[in-house]
Amino acid sequence: MALFTAGTMSGSFAADRIAATLAAEIPVGPIEFIGVVAEDDGPQRPAVVQPNALRTDGGWQTWSGPPLGVASHPDQALVAGQRVRVVGTARSAPGRIRGDPIAGRVTVREIEVIGSAGGPLYAVGNAVRDRVRSVLDVTDRSEALVAGFLIGDTTGLSPRDLDALRRSGLTHFVAVSGSNVALFLAAWWVITAFVGIGPKRRFLVGVLGLMIFVVVTRWEASVLRAAFMAATVLGAAASGIVIDTWVAIGVAVATLLLLSGHLAADVGFQLAVAATVGILVGSGMFAGRRPGLLWATLGAATAAPVAVVPILLVHFGIVPLMSPVANLLSAPLVTGSTITGSFAVVTGWGPAVAVSSALAAAVLGVADIAERWPQLGVAGTSVAMGSALL
């Protein structure tokens, strides 16, 4: 009952905050303000900036205004954690950018980065993102997809490629999740091995690494879920408690919803949780068969797309018929591309970049073929799933 009450209150507060932002009034017309970038900009979307000071006839005044969408400026890319001065023209335009509510949009005439307000976590996280983008050529569609595998950055992918991934059921590969968190933690513990000896120190060092990775991937819902699961497992180990993955996902999801009730309505969060449940169920579907790793992978790769079908139907109305086949073909390619891409980013070795890019190109090839396969609605999906069960 206590958890239900707390969850209800969290959801209510989140809904109130979103409604207040969408209904907030802003100064319309010429505007000059200082704020902190909350979301990076991109080729097809503005940045989200949280204002904290407004220029008026009487000088600068404190202004805790609602978040604003700030259009991309050709001379200055905006990165989360930066403190910026923006000069432009504001208009009331309630809406959302990457799920974040905004009260209006600003057409920029001048923008100046005046510092960083994000602290060490932002500094390290942004440095990692810069390293990925400096090693990979995100103007190349294959290397842009590798950046999506590593840090969820899909700004280098064209709308055509993103649509092909969606229609083939492969979008989740660029929604960074559990495997990426595990890979990052492994590399993180290698780097911090000298201070991470013992379960308690490993927990503290691991949580710090998870916080950095959340910033690197820009707190995607799938990353938050995976990071909280990993933190739960590390915390249990540090306390001498043994928990299984079902407990870990239950604790992670409950904690996230208590802290941020708006995630309950976030499509990415719903898909991440459903896919994880599908993986847990699917990996045990063929228990006892040999070779175990092959059958566990087959079960997980088949069950995960099936688990997200109801959510896809509710939000998008269609489901790729052959998504399980496309996932089976793509999963080993994505794994290989992610591992070699990580090695390339750390070492800067050109051949590793080439291998990772070639594997990513193969994934794009699967998506290009699979997007032409039938897309099913509710009736078609029901018939297909009923036939499969029979």
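Me: Which residues in helix 7 meet helix 8?
Reply: This is a predicted model. In helix 8, T245, A248, I249, V251, A252, T255, L256 and L259 take part in the meeting. Their partners in helix 7 are L224, R225, F228, M229, T232 and V233.

Me: How do the residues of the contact of helix 7 with helix 8 divide by class?
Reply: The contact includes R225 and F228 of helix 7. Its residues divide into one charged, three polar and 10 nonpolar.

Me: How is helix 3 oriented relative to helix 12?
Reply: Helix 3 (residues 141-151) packs on helix 12 (residues 323-347) with axes 9 Å apart and an angle of about 90°. Angles of 65 to 115 degrees count as roughly perpendicular. Helix 3 is therefore, relative to helix 12, roughly perpendicular.

Me: Which residues of helix 12 make the contact with helix 3?
Reply: Helix 3 contributes V146, F149 and L150. By class, the contact has five nonpolar, four polar and no charged residues. On the helix 12 side are V334, S337, T338, G341, S342 and V345.

Me: Which residue in strand 3 stands opposite A53?
Reply: Strand 2 (residues 47-56) and strand 3 (residues 59-62) pair in the antiparallel sense over four bridges. The two strands form a hairpin with two residues between them. Opposite A53 stands T62.

Terms used: Residues are numbered from 1 along each chain as its sequence is written. This is a predicted model: local features need pLDDT of at least 70, side-chain atom pairs count only at pLDDT 80 or more; totals for chains, interfaces and linings use all residues. Side-chain values use heavy atoms; hydrogens and water are left out. Axes are lines fitted to C-alpha atoms, for helices over the stretch in contact, and angles run from 0 to 180 degrees between N-to-C directions. Angles under 35 degrees count as roughly parallel, over 145 as roughly antiparallel, 65 to 115 as roughly perpendicular and the rest as oblique. Contact means heavy atoms within 4.5 Å. Ala, Val, Leu, Ile, Met, Phe, Trp, Tyr, Cys and Pro count as nonpolar, Asp, Glu, Lys and Arg as charged, and the others, Gly among them, as polar. Two strands pair if DSSP finds at least two bridges between them.
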